[in-house]
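Subject: The model I promised you

Hi,

Here is the model I said I would send over. Have a look at it first, and then read my notes below.

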Amino acid sequence: MDDSRRKLYEGKAKIVWEAGPGEAGPGAEAARTYIVEYKDDATAFDGKKRGRIGGKGRVNNLVSALLFDLLEREGVPTHFVRTLGDREMLVRRVKIIPVEVVVRNVAAGSLAKRLGLEEGAPLARTVLEHYYKSDELGDPLINRYHLRTLDLAADPEIDRMESLALRINDILGGALEECGLRLIDFKLEFGRTDTGEVILADEISPDTCRFWDTETNEKLDKDRFRRDLGDVEEAYEEVLRRVTAGAEKWRVRRRGARASGGERPAHARGEWPAHARVFVTLKSTVLDPQGAAVENALRTLGYDEVKSVRVGKFITLELTHLSPERVDEMCRRLLANPVIEDYRFEVVPATAPPAGSPPPGAPTGTGGKGQ
Amino acid sequence: MTPAPRRVRFGVVVFPGSNCDADAHHAIGNVMGQKVEYVWHGRTDLEGFDCIVLPGGFSYGDYLRTGAIARFSPVMNEVARFVERGGLVLGICNGFQILLEAGMLPGAMLRNESLQFRCLYVHLRVENTDTPFTRACRPGQILRIPIAHAEGNYTARPEVVEDLERTGRVVFRYVNEAGEATPEANPNGSVANIAGIVNAAGNVLGLMPHPERCTEELLGSADGRYIFESIVAHVLAEGGPRGPTAGSPGGGVVG
């Protein structure tokens, strides 16, 4: 470790450092990055239980790196830049939004307790929860109204976090299935970049996910520590082994992971109505006259920080059922012109809105008219 | 009895939002004296035609992208088959945009570099006279033809442009009065001042300028006639498209 580093924050499981000279590459990159060090220290039940899991820091760093990399390649923006050895990774500088977003596919942990469900009972619908990150209050469960009242995040940011969380669930659910891991539930944290973009931050590891063996339902995550089930270190190492093996397969067959069935949520399996949001932009190699005009206008208004502007289209599709392959085909055949345009799309389940509240991630579409 | 000289049979496709269809009909029928009829976009039979014109306008409101929706009209499947049989297709302005979207010509259109709708007379240099659309022209001839579009900024990958240039498929280029392809003579930012191109087989032409708007001196220029005269000369010399022969031309023929 470099002595010239400045420690910015130390939490229960990680330390955030400001990179020392030369550690994070050229100066410009260093100015936009932090170094995250993963520790072997383990806590549970809001710090009431403490201990150490040998090798945990290494496992969590490497598993997070592989899963962040997978998500990035599937179009999910994350703070991950690259690993710096076994226990550290270089990440983009973000301000963490103090909300934990939890996605659940199977009843376990506090959900099973709160709703009186048997642990291991599959949930008919994916459940998404928000927790307020506050050690003082013990990370209480909150809803969108609380989020608004506490001004923790703006509405579009909440939409963004929810839609990314569900998409991450789709991607990880299928990919981990291939590794023999059932994704029971997991916790995500998001951060704001300098430009205000909301991206995935924190970690994705056996500390923050429940992984069960697909065959035996054996727990391969931090529950082994919480509940004194033994073989904690072995379980963490096993997760790393399986995810590493899986990552090789994903690399070879990038799109295969998306198509696999298994325990993926109904809307991702195409059995549930879904919304697709399609983003069409001119290829970076193509001159964008509209973008150039808007850029000039913004500069004229005094927004000197604007470096460049690209104008694109945002299209929402309401679907009776979801087939990513067919949405991809729609993009290629009609919605985008591959000669000059790039596209990407994201998918969110079209949930029936509970009385009085908008459905999570409901599109606020503006139609697809050009110009 | 001596048979009357054969007249060439044109079809002008009408999409919802076409607005140069009547001009094309007038130029071909009244000025050039050929047979011409409107072809509704839902039609699926183009037998008996020698040349299909995809006219200018704002098909389907230019929604999504210019030409993006028109290319899926029923008639476009038939146009593709017509092209395969060797029939001539002339895409003017929005018609050119539709041909690009349909992949019948390479490349794509962007908004004009100026972001303005440009409506003015331009000078075009004929770069290749060995096409069915330019055989009545002299090599290097300068034509004066109007343009009227907001999205005529032709673009394609560098290797595509290079291929078009090498194989003589750039048929018209924007030039100044002296015939030089300068940046100032380029009204929309098109790569290499390209104003019109043909497909590899040479029977599909797309161009942004409007030849149908300048077939009479009264309108300021009659240079558009060269293109229609070329088509007529080509069909009379080479014959129409191969394939199933048509019965006698149907109604709606204007003489």
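At what angle do helix H2 (residues 56–73) of chain A and helix H5 (residues 155–177) of chain A pack, and how far apart are their axes? The angle is about 120 degrees, and the axes are 11 Å apart. Axes here are lines fitted to C-alpha atoms, for helices over the stretch in contact, with angles running from 0 to 180 degrees between N-to-C directions. That makes H2(A) oblique to H5(A) (under 35 degrees counts as roughly parallel, over 145 as roughly antiparallel, 65 to 115 as roughly perpendicular, and the rest as oblique). From H2(A), the residues A:Leu67, A:Leu70 and A:Leu71 meet A:Ile168, A:Ile171, A:Leu172, A:Ala175 and A:Leu176 of H5(A).

Some housekeeping before the rest. This is a predicted model, in which local features need pLDDT of at least 70 and side-chain atom pairs count only at pLDDT 80 or more, while totals for chains, interfaces and linings use all residues. Residues are numbered from 1 along each chain as its sequence is written, chains are lettered from A and ligands numbered from 1 in the order in which they are written, and side-chain values use heavy atoms, with hydrogens and water left out. Helices (H or I, at least four residues) and strands (E, at least two) are DSSP runs, numbered from the N terminus.

Staying in chain A, look at strand S11 (residues 181–192). Of its 12 residues, 11 are buried, so the strand is largely enclosed by the rest of the structure. Buried means under 20% relative accessible area, exposed over 50%, and partly exposed in between (1.4 Å probe, protein chains only). Its pairings (two strands pair if DSSP finds at least two bridges between them) are these:

- Strand S8 (residues 95–106) of chain A is antiparallel to S11(A) over 7 bridges, with A:Val101 partnered by A:Leu188.
- Strand S13 (residues 209–213) of chain A is antiparallel to S11(A) over 5 bridges, and A:Leu183 stands opposite A:Phe211.
- Strand S12 (residues 198–201) of chain A is antiparallel to S11(A) over 4 bridges; the two form a hairpin with 5 residues between them, and A:Gly196 in the turn has a positive phi of about 90 degrees.

Now to A:Ile340, in the loop between helix H10 (324–335) and strand S16 (341–349) of chain A. Is A:Ile340 buried or exposed? A:Ile340 is buried, because its relative accessible area is 4%. Leaving out residues up to four places away in sequence, A:Ile340 touches residues of both chains, including A:Leu282, A:Val286, B:Met109 and B:Leu110 (contact means heavy atoms within 4.5 Å).

Chain B has 5 helices and 11 strands, and 56% of its 255 residues count as buried. An open sheet of 9 strands runs in the order S2-S1-S3-S4-S11-S10-S9-S6-S7 (chain B), with mixed pairing. Strand S2 (35–40) and strand S7 (142–149) of chain B stand at the edges with a single partner strand each, so one side of each has no neighbour in the sheet. Helix H3 (residues 94–101) of chain B lies across S3, S4, S10 and S11 of chain B, at about 115 degrees to S4(B).

Last, the cores. A nonpolar core is a set of buried Ala, Val, Leu, Ile, Met, Phe, Trp, Tyr and Cys residues joined through side-chain atoms within 4.5 Å. In the largest one, of 66 residues, B:Phe10, B:Leu90 and B:Phe172 touch the most other members. Apart from it lies another core, of 58 residues, among them A:Ala65 and A:Leu172.

Cheers
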